[in-house]
Amino acid sequence: MSTTTMITRPASASVAADLVFTGGPVYVVDGARGRASSVAVRDGRVVAVGHDEVRELIGTRTEVVDLEGRLLIPGFQDAHVHPVGAGMEMGQCDLSEYETAADYRRVIREYAEANPDVEWITGGGWSMEAFPGGLPHRSMLDDIVPDRPVYLPNRDHHGAWANSLALRLAGITRDTADPADGRIERDADGEPTGVLQEGAANLVGRLLPPSTAEDQVAGLLRAQAVLHSLGVTAWQDALLGAHANITDATSAYLTAVDRGQLTARVVGSLWWERDRGAEQIEDLLARRERGTRGRLSCRTVKIMQDGVAENFTAAMLSPYLTSCGCASDNSGISFIEPEALRGYVTALDAHDFQVHFHALGDRAVREALDAVAAMRAANGWKDTRPHLAHLQVVHPDDIPRFRALGASANMQPLWAAHEPQMDTLTIPFLGPERAAWQYPFGELARSGATLAAGSDWPVSSPDPLHGIHVAVNRRVLGSDSPVFFPEQRLDLHAALAAYTAGSAYVNHLDDTGSIVVGNHADLVVLDRDPFAGAAGEIGSTRVVETFVGGERVFGG
């Protein structure tokens with residue numbers, strides 16, 4: 001923990017800082033100056049960055065934080081995260097900390113026994129790699145919770161696991177057709193197995209009791225505390241709206257704003273309803289006005305163009321392979337027809353909305369970039385800063401288009417590593433050529449693209465330092481697995497900049513993301529300087545203190 005003292009200095013009250021960090025180092029994330037050793041803060045903003053001369057701003061009421069050789073950096077920003085859902089799941093049947101089918105069954109049984117009055121058993125966070133082919137079965141739930149419906153989204157929230165009672169309540173039988181935007185998994189006899197992919201999950205999910213406003217506020221505050229403890233001072237909530245059993249959390253954010261409880265800076269991505277068309281833009285304009293208050297801004301629209309590779313719903317330019325290595329008849333799902341997508345994105349840009357794409361497969365990435373190209377052609381270059389999240393498979397021809405079109409690459413670096421879900425459920429069905437196109441962070445950086453970064457929590461860990469570790473090493477902390485396409489590694493400077501200045505750019509928070517005079521004092525103290533250690537130890541770095549606007553929100 002940093003040492004805090006109150007000392008008397010000759011600075012007058014009119015010029016004295018409220019807060020001074022000294023005893024550096026300070027990594028400012030500014031091209032003009034890489035390092036400093038002291039920073040002064042007044043009225044929530046940085047007023048001086050330098051060395052011993054900054055100490056002249058210490059007055060009788062100045063709080064002095066002795067860094068004791070630890071590194072001070074700008075606050076991390078998560079450019080793609082789902083904190084309200086994550087926080088609510090933490091209070092339900094939370095499977096995210098476990099890895100095996102046996103553990104999942106034990107935790108579900110214990111939760112059900114401990115909560116006999118809960119109408120539905122829900123929560124989620126199970127990993128596909130725990131089950132053969134990534135698919136659990138309803139019978140694994142039936143024998144531990146036979147008398148109540150169970151509905152558990154998986155870790156990536158692109159599928160859900162339900163028991164037989166939940167399927168019956170939803171009227172799902174062997175005769176139920178797959179929805180256009182999803183798939184009901186079935187056994188060899190055509191019977192539903194209990195796994196529901198993408199839009200099919202809502203056939204059951206829509207039956208869940210709606211969460212209350214106070215449930216959502218509690219989830220938000222629970223998540224905010226976790227994110228602050230990891231040095232996150234701002235984020236982009238990647239889904240504000242009603243979708244797949246998600247209740248719109250905008251009101252929860254506004255309640256937190258009005259109560260003075262929202263300490264982070266938040267950009268809300270308003271959900272584009274893919275079963276509606278351009279007529280919803282009027283609703284989005286009203287929601288933007290209603291949802292922008294205090295530290296919450298709702299000037300972004302989220303468009304989910306495809307699914308995920310593990311369940312074969314990510315949109316690919318050529319078909320997935322089968323288990324024998326042969327071409328299948330499935331190339332994934334484009335949730336919005338490409339021509340319509342171009343029109344919608346152009347119209348949103350004309351209204352000064354930022355567009356935040358979910359684009360995971362190479363076809364979805366191309367369709368999103370084509371939409372950005374169309375909006376640039378129609379509207380000219382506006383400062384709306386479109387960005388594409390996930391970018392699992394990017395065709396090499398599309399790499400230079402990010403810089404050319406001014407579309408930021410929103411990375412989730414934790415996924416760019418060898419682990420069972422990648423090695424058993426993804427690479428065999430992509431084939432070697434496409435597998436090598438996965439998460440091309442190095443190529444994007446070398447092409448001049450703007451890199452931002454996020455976690456997609458609760459899909460994966462919200463810890464930025466773990467994400468930075470994988471971006472640099474292309475393997476998870478402590479793993480001795482082969483490096484995952486080493487040519488796509490970033491250096492530590494680029495990875496840290498993506499999580500600070502890059503995400504600040506995407507979030508339109510231009511007075512954050514670096515430690516320069518005039519910026520908000522959104523700052524993080526680390527327990528060490530990761531630049532001074534081995535690359536393989538970056539992920540062992542921990543956050544000691546977090547400040548937003550000069551106010552301590554974690555540690556101390």
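The paragraphs below take up a sheet, one of its strands, a loop residue next to that strand, and then some backbone features elsewhere.

This is a predicted model, in which local features need pLDDT of at least 70 and side-chain atom pairs count only at pLDDT 80 or more, while totals for chains, interfaces and linings use all residues. Residues are numbered from 1 along each chain as its sequence is written, and side-chain values use heavy atoms, with hydrogens and water left out.

Begin with the open sheet of 6 strands, whose order is 10-11-12-13-15-14 and whose pairing is mixed. Strand 10 (93-94) and strand 14 (182-186) stand at its edges with a single partner strand each, so that one side of each has no neighbour in the sheet. Strands here are DSSP runs of E with at least two residues, helices are runs of H or I with at least four residues, and both are numbered from the N terminus; two strands pair if DSSP finds at least two bridges between them. In general, the strands of a sheet pair through backbone hydrogen bonds, either parallel or antiparallel.

Strand 11 (residues 121-124) pairs with strand 12 (residues 150-153) in the parallel sense over 2 bridges, and Ile121 has Val150 in strand 12 as its bridge partner. Strand 12 and strand 13, by contrast, pair in the antiparallel sense over 3 bridges, with Pro153 opposite Ala160 in strand 13. These two strands form a hairpin with 5 residues between them, where His157 takes a positive phi near 60 degrees. Strand 13 is also joined by 3 bridges to strand 15 (residues 192-198), again in an antiparallel arrangement, and there the bridge partner of Trp161 is Val195.

Are the faces of strand 13 covered or open? Both are covered, since Gly159 and Trp161 on one side, and Ala160 and Ala162 on the other, are all buried, buried meaning under 20% relative accessible area, exposed over 50%, and partly exposed in between, with a 1.4 Å probe and protein chains only.

Asn163 is found in the loop between strand 13 (159-162) and helix 4 (164-170), and Asn163 is buried, with a relative accessible area of 1%. The side chain of Asn163 reaches the backbone oxygen of Val145 at 3.2 Å and the backbone oxygen of Arg148 at 2.9 Å. Leaving aside neighbours within four places in sequence, the residues in contact with Asn163 (heavy atoms within 4.5 Å) include Arg138, Leu141, Asp142 and Val150.

Turn now to backbone geometry elsewhere. Most residues other than glycine have a negative phi, and most peptide bonds are trans. Asp43, in the loop between strand 5 (38-42) and strand 6 (45-50), has a positive phi near 55 degrees and is exposed, with a relative accessible area of 68%. Asp456 also has a positive phi, near 65 degrees, but Asp456 is buried at a relative accessible area of 5%.

Asp456 lies in the loop between strand 22 and helix 16. Pro458 is placed in the loop between strand 22 (451-453) and helix 16 (464-473), and the peptide bond from Trp457 to Pro458 is cis, with omega near 15 degrees. A cis peptide bond also joins Gly24 and Pro25, with omega about 10 degrees, and Pro25 has its place in the loop between strand 2 (19-22) and strand 3 (26-30).

Notes. A polar contact is a pair of N or O atoms within 3.5 Å; within protein, one must be able to donate a hydrogen and the other to accept it, and residues adjacent in sequence count only if both atoms are side-chain atoms.
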